[in-house]
Amino acid sequence: MNGSILTPKAYLRSDGRKGIRNIVSIVYLVECAHHVAREIQLPFREQGVHLMGFSGCYPNEYSFRMMRSLCTHPNVGAVLLVSLGCEGFNRRGLLEAIRETGREAELLVIQNEGGTRSTIQAGREKLACMLQVLEHTLCVAMRIDELIVGTVCGGSDGTSGITANPAIGRAFDRLVSENACCIFEETGELIGCEHIMVSRAATRELGHILTNSVAKAARYYATLGHGSFAPGNADGGLTTQEEKSMGAYSKSGSSPISGLIKPGDIPRMGGLYLLDVVPDGDVRFGFPNINDNAEIAELIACGSHVILFATGRGSVVGSAISPVIKVCANPETFRNLPEDMDINAGRILEGLGGLDEVGDEIHSLIARVANGQPTASEALGHQEFVLGYKSFEPIGPTCHPTYQ
Amino acid sequence: MLSTIRLFPTDNVLVLTRNFQAGETIELGDIHRTLQTPIGLGHKIAACAISPGEKIQKYGAPIGSATAPIEPGEHIHLHNMKSDYLPTFTLDEGREFHHTA
């Protein structure tokens, strides 16, 4: 294996993957445990303790798989699970899956701990111990071909598809050429681009799979009667789903598409991957992703160390687990929300830079973030997290042809 | 600096790269069109005359169809084009609209 060094100090995990952060995740396993988990986190918020969780009381295979992938993500060093006690989530199974990776993991069940106050006290003691253990995590060098980068767009407008999205595409092209792994997503935002995208598939079979995944998204959204399109998109000059799609599609750059993955699948080698976020089968649990953070959580569950977030109208979110780099497409939004943005791609519209230049700027910021520099949303304490219900069929071998 | 861009040679729309105020004039070759309403950065105008039913082309790809005759330089948005796939949902002063596909 070769490849240039991304950072001399990454956190080595037992499965060989490496993290660019070393956080403790505190996880509530039902909404009823959310308050207790948040209170446990409160004094440690500035010390790399992130809160995430699942609200539902009913068990769901997708949610379990997502949570297992997230709790064993290379940016996560230790996990504290907080359960009410009577919810349907398989807390023992999750605890064991995390411990199998060698991570520190603890479980508190509120109904067994004496209630709210006692659980908060016990949780804070456990967190303090975990943070001490994490100080001794083995650090090693990490190459750029070990990096996974996900991309998402949110709050898109008529500038997104002209500046930020294609600039991310340039950064992706460079990363893929360095054998890093890049993931783009939201098949519902590729409606109208399927015929163009298919020509970039690594094999003919994969081309069919990509086309089918977009057709599935079109059916799904048609049943719901609503595309992946918000009123702010129209205010910003986007008129139709397919117009938004063409802009979103440009985030993928121009590399060949190596495979299609589903939430929780971790690409096994470098290349460009499409993450299919739309559930399989009949419409069952509502909108595929209720907001941008549900998509970000899925990109992270696929191993993304860092997320490139293109925004035109001006999203301010970050995420639990992995840093989010905000690439602002609209120069006016950048002036309006400078504290929330990392990169001003909108300057291209004012003649102050080109796509290649902004693409290079994104690439070098990824390297600095991998070396510990906090992103704007990270420094502001944004740690949004959303996980809902879905159902998926596992991917077949033709989804990942380059691996065989 | 240009205030409109054509993203692909075969596109029949141009994208505004700055905000235009009502009363400003957009020049397309010999055609001069004075705007009745402001049009925001990122919005589209017609690069040529477009007939109802004709595809709107942007990024070199169809992004929907015209629903009314569109004059060169005219603002193209929900009032004169529609999706070929899915309805578009908007909010206007607190009122909900579902623009049909």
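Predicted model: local features only at pLDDT ≥ 70, side-chain atom pairs only at ≥ 80, totals over all residues.
In chain A, A:G150 stands opposite A:I307, a residue of β12(A).

### Around β12 of chain A

The pair belongs to a parallel arrangement in which strand β8 of chain A, residues 148-153, is joined to β12(A) by 5 bridges. β12(A) also pairs in the parallel sense with β13(A), residues 324-328, again over 5 bridges.

How many of the residues of β12(A) are buried? The strand covers residues 306-311 of chain A, and 6 of its 6 residues are buried. Both faces are covered: A:V306, A:L308 and A:A310 are buried on one side, while A:I307, A:F309 and A:T311 are buried on the other. So that you can compare the pairings at a glance, here they are with one from chain B.

| Strand pair | Sense | Bridges |
|---|---|---|
| β8(A) and β12(A) | parallel | 5 bridges |
| β12(A) and β13(A) | parallel | 5 bridges |
| β7(B) and β9(B) | antiparallel | 2 bridges |

### The two domains of chain A

Stepping back, the domain assignment divides chain A into domain 1 (5-140) and domain 2 (147-403). Taken over C-alpha atoms, the centres of these two domains of chain A are 26 Å apart. Their contact involves 22 residues of domain 1 of chain A and 23 residues of domain 2 of chain A.

Which elements supply the domain 1 side of chain A with at least two residues each? They are β1 (5-12), β3 (23-28), β4 (49-53) and α2 (61-71) of chain A. Of the elements on this side, α2(A) gives the most, with 6 residues. By class, the domain 1 side of chain A that touches domain 2 has 11 nonpolar, 9 polar and 2 charged residues.

### Chain B on its own

Chain B has 0 helices and 11 strands. Its radius of gyration is 14 Å, close to the 13 Å that the globule rule gives for 101 residues, so chain B is as compact as a globular protein of that length. The C-alpha trace of chain B spans about 35 × 30 × 20 Å along its principal axes. Of the 101 residues in chain B, 34% are buried. Among contacts in chain B between residues at least 6 apart in sequence, 39% join residues at least 24 apart.

One open sheet in chain B is formed by 3 strands in the order β6-β7-β9, with antiparallel pairing. Its edge strands are β6 (55-58) and β9 of chain B, each pairing on one side only.

### Where the chains meet

Helix α10 of chain A, residues 241-249, lies across β6 and β7 of chain B and runs at about 160° to β7(B). In the interface as a whole, 27 residues of chain B are in contact with 30 residues of chain A. On the chain B side, β7 (61-66), β9 (81-82) and β10 (88-92) each supply at least two residues. What does β10(B) give to this side? With 4 residues, β10(B) gives the most. The side of chain B that touches chain A has 14 nonpolar, 9 polar and 4 charged residues.

How values were computed: Residues numbered from 1 in each chain as written. Chains lettered and ligands numbered in written order. Contact = placed C-beta atoms within 7 Å. Nonpolar A, V, L, I, M, F, W, Y, C, P; charged D, E, K, R; others polar. Pairing = 2+ DSSP bridges. Axes fitted to C-alpha atoms, helices over the stretch in contact; angles between N-to-C directions. Domains from an automatic or database assignment. Buried ≥ 20, exposed ≤ 12 C-beta atoms within 10 Å, placed from the backbone. Rg over C-alpha atoms; globule rule 2.2 N^0.38 Å.
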